[in-house]
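Dear colleague,

Please find the structure below, handed over for your files. My notes on it follow.

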Amino acid sequence: MKSYLIFIFLIILSFNASAQQPDTNALVMPDTIKSNLTKTIIKHTADSSGKESFSRFKEDIIATRQDGLIENIRQVTQTAKNYLKIGIDTAQINADLDSVANLYGVIGDGVFTNKGTAQTNRNISTSSILFNEVLNKTLTSKAIVDKYYKKLVNFRNEIDSLASSSILYQYPTDSVALKQYLQKIAVTSMEIRPTDTALKKALFSVKALQTKINFITNRLSSRIEELDAFQKNLSGQIFSREFANIWDSVGYTRPLNQIIKVSAIKMRLVIYFYLRNNTGKVMLLFVLALLSTVFIRSLKQRLAVDGLLNSDFRGQSVLRYPFLSAILIVLTVFQFIFPRPPFIFSAFIWAISSLSLLTILRDYITKFWMRASTVMFVLFLLACADDLILQATRSERWGMLLLSLTGAGWGIFVLLSGKRNELKESWIIYAMWVFVVVEVLSAINNIYGRYNLSKALLTAGFFNVIIAVLFLWAVRLTDQGISWAFNVYKVPDKRLFFVNFDRVGTRAPLFFYVFMIGGWAFLFGRNFYAFRSMFKPIESFLVDVRTIGHYSFTINSILVFFTIIVLSSLISKVVSFFASDKYDIPAGANKTGGGLGSWLLLIRIAIITIGLFLAFAAAGIPTDRITIVLSALGVGIGFGLQTLINNLVSGLIISFEKPVNVGDIIELGDKGGTMKSIGFRSSIIATWDGADVIVPNGDLLNQHLVNWTLDNRTRRIDFQVSVAYGTDISKTKEIINKLIVADKRILKKPAPAIMIKDLGPGTISLQVFFWARDIGEWSQVRSDLIGAVEVAFRDNKIDVPFPQQEIRIRPAQGNEEENK
């Protein structure tokens, strides 16, 4: 069409050219026809050019989108390639799954295989713990594999989605552009083919691994459900007979050494899993024990310096072996931080604590009670060893009977020995009576075939006595340590812990006994499944996830949040309480630094800040939301609490610049005294009158602060003496100088100076200057020296003039007789 229009246009041009020649015979086209024809040709040419331009524009847009899609395919392919390189260790996961499969048989031994006549509660609970641990480990692997598989599927779907776009299949009309595009497609296809193949293989491999993990997970879950059913069944039939009478024939026998071997394997697995899951808490116990040891040892040294340490440690048992006392207190009190500890872990804690206590009490309690305690400790260890045997045998039942009767007999002997008045804690008698009753019941139930009830009573009886003794002495030692600390650390506020600590080692406060009784009841009842079942609704209430809006939380996380906040605040106060009190600075000692007191505020801020972030982390509150809340609060604080913020910032400046430290002697305006403490908002100055003045931190920076002890504790002292005219000034100076040199409380350098200050009416005034070693005794030094000068002047006949006035009566002029 375009060529046709051009041809017509050329004909018109030829008509125009011929019309310009003077040939009267030529055919002439009318002007109107020429004009219409020209317009038609131009219109068709414009339309054709517009369509061609639009077609090129459309092809350009398609080409741009095609380039973008191809680039996206390359990027996604490269990301998938890198992810495949990192990948997951499928070989290790397969090895872990194989180990789980191997453990499956060991854990189920005695419960699902080699069952024997009846199930035992300890074996079921131990197997349940192990199956849950193995299941958790498998679920962790499952989460990793599922996440990896999901990521691979996303890569595959994304690549397929990009590659199936219809844009890629719209080819350019130009042959050259078409050739280039097809070459680009071919190159891209070659680039993604290896990655696509690797994706397919990885997906196939991971899918097979998923199938294996799901099979093992389902198998473990079903075993755990069966174990829960077994435990409920045993709990419901706790008073039923599981075995024949102890003298009857045995229906099923399994070698005891084989049972012990299987039990040892299970116990190793239990302690391994538990320590791995609670490594941080175990380390916390070590840190607490170390800090407690340092505190008790420093307290012992302080008492020795003050002459308050008894040679026989009467009333000071906690100080005898600081490390063992710390171990006993920390393990006994802080064992509750471990959730659901297995028996072997608790038994280890109780054994270490008991051994520490026996060592502390050696040569402190009477020989009878020391022997009784040692025998009870040995029987306790035998009961622990028996409780680690997970399957019942006739030989074990005879051993249990012997152990329970021995324990009951020994308990009766101790109770009837008439030595109760020698006990340091009379409450132990009640625990001993409970022990005897429980052991007798254990023996009776064992004889008549109630194995699980008998074993629970056997171990619970021994644990009852040991735990009671540990708690009583842990409370007693704790009370002794804190009471002596409050006696030697001279800080007025003794209500910091809301307990009266003035009673030294005679009787522990009621609060500690309440804690002891509650802890003892909990540990005693934990031996019975029914007791543990009672706490399951409470546990569900605490750990069930609740949702408000977009935020999910548990009651347990909220409790942990506030507990950490309270503990951080309490630790901050404890650090402030003990660190702010120091030994008295001896006379003449120069102050070389601020000590811990100068950093005390920063330490307290650090403790509270760390506690705050730990609390938020434990509660699962995202840090971005914390930032939003703090930003919102910052606006209100900036306008409404300017003075408070000023004092808080001033406290930080004081902590960093340290113009004043705790213990400094200062003057602020008309107030003078010792800097007692530097807090967040305000500081406390103990004045010379005994009052505590609370000063905002901003005033310490804004007012003129005089610090007498910033660099050292020396102070210049001066006083004035007057002598009469005619006194030998050189001799007077010599006498005063000898007195100054003889006083060891006065520095030799800078040298003292004695100068004539003034020649007054009837007196010569001398000014005496010297430096006292310690500002804490400057007034006493000045007073003593003035008294010594007065005595020396009197001995050397040096007159100290005093104000006097002579009155002379002059005779009046005139009558002499009258004057006479």
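In β10, Thr763 has Gly760 standing opposite. Packed on the sheet is helix α22 (residues 729-742), which touches β8, β9 and β10 and whose direction makes about 25° with that of β10. Please keep in mind that this is a predicted model.

The sheet in question is open and has three strands in the order β8-β10-β9, with antiparallel pairing. Its edge strands are β8 and β9, each of which pairs on one side only. On average, and with direction ignored, neighbouring strands of this sheet are turned by 25° against each other.

The pairing can be followed strand by strand. Strand β8 (residues 715-723) is antiparallel to β10 and pairs with it over nine bridges; Ser722 stands opposite Ser765 of β10. On the other pairing, strand β9 (residues 753-760) is joined to β10 by seven bridges, again in the antiparallel sense. Ile754 has Val768 in β10 as its bridge partner. The hairpin of β9 and β10 has two residues between the strands, and Gly762 in this hairpin takes a positive phi near 95°.

Why is strand β10 described as largely enclosed by the rest of the structure? Buried here means under 20% relative accessible area. Nine of the ten residues of β10 (residues 763-772) are buried, so the strand is largely enclosed. A further helix, α23 (residues 778-795), lies across β8 and β10 and runs at about 25° to β8.

Within it, strand β5 (residues 682-687) runs antiparallel to β6 and is joined to it by five bridges. The bridge partner of Ser682 in β6 is Pro696.

**Two helices checked for length**

Helix α5 (residues 175-236) has 62 residues, which at 1.5 Å a residue should span 92 Å; the C-alpha atoms at its ends are 87 Å apart, which agrees. α5 also bends by about 35° at Ile192, and a proline, Pro194, follows within four residues.

The buried residues of α12 include Ile428, Ile429, Ala431, Met432, Phe435, Val436, Val438 and Glu439. Further along α12, Ser442, Ala443, Asn445 and Asn446 are among the buried residues too. An α-helix has 3.6 residues a turn, so residues three or four places apart point the same way. After α12 comes Gly449, with a positive phi near 85°.

**The chain as a whole**

The protein chain has 24 helices and ten strands. It has 820 residues, of which 39% count as buried. Among contacts with a separation of 6 or more, 76% are between residues 24 or more positions apart. The accessible surface of the chain comes to about 46,500 Å², and carbon and sulfur atoms account for 62% of that surface.

Regards

How values were computed. Residues are numbered from 1 along each chain as its sequence is written. This is a predicted model: local features need pLDDT of at least 70, side-chain atom pairs count only at pLDDT 80 or more; totals for chains, interfaces and linings use all residues. Side-chain values use heavy atoms; hydrogens and water are left out. Buried means under 20% relative accessible area, exposed over 50%, partly exposed in between (1.4 Å probe, protein chains only). Contact means heavy atoms within 4.5 Å. Accessible areas come from the Shrake-Rupley method with a 1.4 Å probe; for residues, only the protein chains shown count as cover. Two strands pair if DSSP finds at least two bridges between them. Axes are lines fitted to C-alpha atoms, for helices over the stretch in contact, and angles run from 0 to 180 degrees between N-to-C directions. The expected span of a helix is 1.5 Å times one less than its number of residues. The bend at a residue is the angle between axes fitted to the seven residues ending there and the seven starting there.
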